[in-house]
Amino acid sequence: MNLGIHIQKLHPTNKNNLVIRVSDETEAHKLIDTVRNNDELNSLFTVDTPKLITKRVILTRVPSSYSDDQILKFISSELSCDVSVLSLKKLSKLQSPFYTYMLCLPEIYEQSILNKGRFLLDFHTIIIKKYIKITRCFNCQCFGHVSSNCKYLTICSKCSQSHHSKDCKSDVYCCINCKSLQDTNIDTSHCADSSLCSVFQRLMKEESSTPVFIRTGLTKEQVTTTSNMATNIVDAVSLAGSSVSLPSINGLRVQMLAYLLIMLVWNNRMNSPL
Ligand SMILES: [Zn+2]
Ligand SMILES: [Zn+2]
Ligand SMILES: [Zn+2]
C-alpha cells in the first residue's frame, strides 16, 4: 500500500495526543481515511482535522478610500458567507493610497479565498496571500522567540560572528542558522533574515501544512517516545544511506500507533519495512 502522504512534522500535544502535519487538506483526508478504514486503528484512535478554526489571510493593495465595513461586505459577498464571521485588522501604520489588512475567517473559507488569489473591487485589484507567522530573534537570530525573551549571545545576522548586525564590517554573508546545521550541502552564504535561508523555508513549509489530530489514549511518555521515533525516521530516511533502528514497543495501542506512523513515513520514501 502506498499512500504517498508526506509528513512535514509531528509532535505530541500537552494532552498526550499527536499532531501530524501534512502538506494540504487532500493529504490530511487521505491520512484520516486510512485510519478510519482500518478496523484495528479505528477502534483504538480518533482522528480528525481541527474544526471551526479561525484562519488568517493577508489582503494587500486595498485602496485606503474604503472603510472596514465596505471591505468586509465586499468579501462576504465574494465568498457567499455571513459578514459576521469575518473580521479585519489594518496592518499598515502610515498614511498611504493602499493599505494591507489581515482578514480573519473560518477555516472552511480559507481555501476558496486563497484559490481566488485576487479580488476586483471596483477597478482595484486586491491581492490575497496566505498569512504565515514565523518569528526570528533579532539578538541571536534563532527562530521561535523574540529578542525581549532572548537568553542567548548576540549574533550578527550578516556574518554570524558575535556582534550586533548594525556594527558588522564583514562583506561575506554567513547565516548562523544554516551554519549550525553543519551540513556541507546547505548553502550558508546569505543573511539570517534572507528568504533564501533553508531553515526559514523549512519552517514556512511546516507552518503552511495541515494538522491531523490523533486522539491516542496513551501516556505522555508513550506519545513522546512514539513521536520521537517517527521523527527520527523522517530525518533518517531523508539522509541517503542511513540505517534506522526501531525500538522495541510494548502495548497494543503504542504498537499500532507506531505501526501507522512507520507505514506513513516509510511508504513515501522507500519500500515499507513492515
Ligand atoms: Zn534570541
Ligand atoms: Zn557581522
Ligand atoms: Zn540560512
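**Figure 1. The open five-stranded sheet of the predicted model.** The strands of this open sheet follow the order β5-β6-β4-β8-β7, with antiparallel pairing. From one strand to the next the twist averages 25°. Strands pair if DSSP finds at least two bridges between them; helices (H or I, at least four residues) and strands (E, at least two) are DSSP runs, numbered from the N terminus. This is a predicted model, in which local features need pLDDT of at least 70 and side-chain atom pairs count only at pLDDT 80 or more, whereas totals for chains, interfaces and linings use all residues. Residues are numbered from 1 along each chain as its sequence is written, and chains are lettered from A and ligands numbered from 1 in the order in which they are written.

**Figure 2. Pairing of β5 with β6, and the helices on the sheet.** Four bridges join β5 to strand β6 (residues 98-106) in the antiparallel sense, and Leu88 stands opposite Leu103 in β6. Helix α3 (residues 68-79) packs on the sheet, where it touches β4 (54-63), β5, β6 and β7; the direction of α3 makes about 135° with that of β5. Helix α4 (residues 107-116) lies across β4, β6, β7 and β8 (124-130) and runs at about 140° to β6. Axes are lines fitted to C-alpha atoms, for helices over the stretch in contact, and angles run from 0 to 180 degrees between N-to-C directions. Contact denotes two residues whose C-beta atoms, placed from the backbone, lie within 7 Å.

**Figure 3. β2 and its partner strands β1 and β9.** β2 pairs with β1 in the antiparallel sense over five bridges, and Leu10 stands opposite Ile20 in β2. The pairing of β2 with β9 is also antiparallel, over five bridges; Ile214 in β9 is the bridge partner of Leu18. Leu18, Ile20 and Val22 form the covered face of β2, and Val19 and Arg21 the uncovered one.

**Figure 4. The largest nonpolar core.** This core has 21 residues, and those with the most contacts inside it are Ile20, Val22, Leu31, Phe45, Val212 and Ile214. Two or more residues each come from β1 (7-12), β2 (18-22), α1 (25-37), β9 (210-215), α7 (220-238) and α8 (252-269), and α8 gives the most, with four residues. Leaving aside neighbours within four places in sequence, Val212 is in contact with Ile20, Val22, Ala28, Leu31, Ile32, Val47 and Thr49. A nonpolar core is a set of buried Ala, Val, Leu, Ile, Met, Phe, Trp, Tyr and Cys residues joined through C-beta atoms within 7 Å.

Figure 5. Most residues other than glycine have a negative phi. Asn16 lies in the turn of the hairpin formed by β1 and β2, which has five residues between the strands, and has a positive phi of about 65°. Asn16 counts as partly exposed because it has 16 C-beta neighbours inside 10 Å. Ser80, in the loop between α3 and β5, has a positive phi near 50°. Ser80 has 8 C-beta neighbours inside 10 Å and therefore counts as exposed. A residue is buried if 20 or more other C-beta atoms lie within 10 Å of its own, exposed if 12 or fewer, and partly exposed in between, with C-beta atoms placed from the backbone.
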